Amino acid sequence: MPMKIYINGKLYDKADAKISVYDHGLLYGDGVFEGIRSYAGNVFRLGEHLDRLWNSAKAIRLELPLSKQEMAKAIEKTLAANGIEDGYVRVVVTRGCGTLGLDPNKCSDPQVIIIADRISLYPDELYEKGLEIITVSTVRNHPAALNPRIKSLNYLNNILAKIEGLQAGCIEALMLNHNGQVAECTGDNLFLVRDGRILTPPMEAGILEGITRDVVIALAREQDIEVRETPLTKHDVYIADECFLTGTAAEVVPVVTVDGRSNGGGTPRPIT
Ligand code: PMP
């Protein structure tokens, strides 16, 4: 059975799911998106993902052509049409079809696309062994240029960092911000553990407010583990007892080395 893709209220076979080459999402990366997990038929933190999508859209002055409730229904419908209970949903909203110029006011209708698929981001053994990552020279977007809190379709900043990481044989890479502080990885938030405390960069470091990040912080606090959202340097990363990354696709993945410095010598990682 071919995959069914949702575009603007209708389901299309994957091969027929198309949008215009004049769409500003394609021409300029002008749009927003979300990546969401479904576990056993339950869409994980759907409300939070919809809130973030709406906030991203608001920040770029893109008006969504449907309500959050309608979007929630469309997501459920797309998952059901593909028979997916455990999987990943990509919601994309583009500015729509415009001219070859930049003017977003010339764009007609935003395009709403929902793709439901299965996903495994990193090989299973890495969840045991841990990732080896490096710090790359590509600086995370300056918040005053393109705020990382906006989950926009313009991911070149992250892709350039990913290219650097891959070049060095690493599938994830750590990005610093314009002040040289730790920001986040190309598609994941970063956490450290030191002396039984969890440390993670604050929003002001210029990061995406990860939904998995928020879940991890809440779970840790429920268990009376102290969590500090605090500016971090590479040095903090190098001397941490544990390091792990969080993301919708990655979930929680341990890191064993950063720039060749091992975090607590590997396993066991009690807090991770
Ligand atoms: N940072 C970036 C740059 C991301 O793209 C993502 C999502 N892949 C994350 C962090 C993690 O966010 P979330 O937990 O909401 O998936």
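Begin by selecting residues 68–81, which make up helix α3. The expected span here is 1.5 Å times one less than the number of residues. Helices (DSSP runs of H or I, at least four residues) and strands (runs of E, at least two) are numbered from the N terminus.

Before moving on, two notes on what you are looking at. This is a predicted model, in which local features need pLDDT of at least 70 and side-chain atom pairs count only at pLDDT 80 or more, while totals for chains, interfaces and linings use all residues. Residues are numbered from 1 along each chain as its sequence is written, and side-chain values use heavy atoms, with hydrogens and water left out.

**Around α3**

Stay with α3 and color M71, A72, A74, I75, T78 and L79: these are buried (under 20% relative accessible area; exposed is over 50%, and partly exposed lies in between, with a 1.4 Å probe and protein chains only). Looking down the axis of α3, you will find its buried residues within an arc of 160°, so they line one face of the helix. That arc is taken from the directions from the helix axis to the C-beta atoms. An α-helix has 3.6 residues a turn, so residues three or four places apart point the same way.

Now turn to the face away from the buried side, where Q69, K73 and A80 are exposed. A80 has a relative accessible area of 60%. Draw a C-alpha to C-alpha distance from A80 to G260: they are 180 residues apart in sequence and 44 Å apart in space. Then step past the helix to G83, which follows α3 and has a positive phi, near 60°.

**A nonpolar patch**

Next, select V21, Y22, L26, L27, Y28, L100 and L102, which form a nonpolar patch on the surface with about 710 Å² of accessible area together. Zoom in on L100, in the loop between β5 (87–94) and β6 (111–117); L100 is exposed, at 57% relative accessible area.

**The cysteines**

C185 is buried, with a relative accessible area of 1%, and C243 is buried at 0%.

Technical notes: Patches are made of residues with over 30% relative accessible area and no salt bridge: like charges are joined within 9 Å, nonpolar side chains (Val, Leu, Ile, Met, Phe, Trp, Tyr) within 5 Å. Accessible areas come from the Shrake-Rupley method with a 1.4 Å probe; for residues, only the protein chains shown count as cover. A salt bridge is a side-chain nitrogen of Lys or Arg within 4 Å of a carboxyl oxygen of Asp or Glu.
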